Amino acid sequence: MPDWNMLTLVGADRPGIVSRVTRALYQVGCNLGEASMIRLGGNFTIMLMVSGEHTDSEIQAALAPVAEELGLRLHLDPVQGGLHRHLAPNLQVRVMGADRAGIVADVTEILAEQGFNILELESDVAGHQERPIYIMNIQGYCDRTLETLNAALSTLSDRGVSVDVSPVDVLIG
Amino acid sequence: MAILDILTLPDPRLKQVSAPVESFDDELRSFIADLEETRLAGPAAVGIAAPQVARFQRILIMNVSGRPKTPNHGHLVLVNPEIVHWEGYAIGREGCLSVPDYTGNVIRATHIRLKAQDPQGQSHEYEMEGYEARALQHEMDHLDGLLFVDRVVSRRTDLYRRKVYQT
């Protein structure tokens, strides 16, 4: 049985979105789980685990006034919690290149062929408007060796994309 | 010999500053044996500090020799350790026996010079780099009531990112 809802929310960035949304959820008795909230371009985005015995429509109703006032669009999906099972990444892939369509697909297709499980991916369009550069940082788990992955990714450098794979060691102390 | 209970967050005792060891006796060495047994019983920890098992004295154990290609001093028991010099910095991911199911990125010095005593009270000096220096700094933080979660930097923070300053 899904015991959580995944709330997806997006709107033009402005101060106060997080506080207003989470206050409204708290007031109807929701508990919050893990979240990723970040500004992408000029938009503020939220992916947020929301628990409680509330139906989709109750949560929608609780958030409606805030969404209306701040111009936010939102969406809910029932999901399994799956908490307390963090997977630790063992590899980090840094990608950089002149921005062009297809970089993400090219890189991740190769990674997927190697059985690489992406745990986290963030990317930015940096540089100047007339000469944008694409910077992506992926952390994930893969049981292939560094050499195997580098060899698989080496074709990308011919296409003007710099890719660097390095180990992520988690020091437990 | 005994496996000791490990304090975990949010236990406020983890925030306590530990006191220097003054008596280098059999009781101390017996505790160190228990501490080592506790380290080995858990999930592959390269180090452990006394306050993690509720003994608030400046004692830690570390051993990074199991990691390939890592300069190290082998198995170390460090009593009253003191960093006298540090240099460089790097981001690395850390976890902790006292913070289950969480890892985060932390900035640490890459080279350190250290003074410490052994379980007999003899003084020694060490130079450490890289992973071993990171482990030492992680463990020494416990002696001062700090956890790596107190030092975590944003997951988006990385060394190649540069801040753009408005002029």
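1. Let's start with helix α3 of chain A, residues 103–113. Its buried residues are I103(A), V107(A) and L111(A); "buried" here is a label for a residue with 20 or more other C-beta atoms within 10 Å of its own, "exposed" is for 12 or fewer, "partly exposed" is in between, and the C-beta atoms are placed from the backbone. Looking down the axis of α3(A), you'll find these buried residues within an arc of 45 degrees, so they line one face of the helix. That arc is taken from the directions that run from the helix axis to the C-beta atoms.

2. After α3(A) comes G115(A), with a positive phi near 75 degrees.

3. What sits over the buried residues of α3(A)? The cover includes β5 (91–98), β7 (131–141), α5 (155–158) and β8 (161–167) of chain A. For the names: helices (H or I, at least four residues) and strands (E, at least two) are DSSP runs, numbered from the N terminus.

4. Keep in mind that this is a predicted model, where local features need pLDDT of at least 70, side-chain atom pairs count only at pLDDT 80 or more, and totals for chains, interfaces and linings use all residues. Residues are numbered from 1 along each chain as its sequence is written, while chains are lettered from A and ligands numbered from 1 in the order in which they are written.

5. On to where the chains meet: chain A puts in 12 residues and chain B 22 residues, with a contact being two residues whose C-beta atoms, placed from the backbone, lie within 7 Å. On chain A's side, β6 (117–128) and β9 (170–172) are the elements that give two or more residues, and β9(A) gives the most, with 3 residues.

6. β9(A) also runs parallel to strand β4 (residues 90–96) of chain B, joined by 3 bridges; strands pair if DSSP finds at least two bridges between them. Which residue of β4(B) does V170(A) stand opposite? V170(A) faces R93(B).

7. How far can you trust it? The model scores ipTM 0.85 and pTM 0.85. Chain B has a mean pLDDT (the predictor's confidence in each residue, from 0 to 100) of 92, and 92% of its residues reach 70 or more. Watch residues 159–164 of chain B, though: pLDDT is below 50 there, and this stretch has 1 contact in the model beyond near neighbours in sequence.
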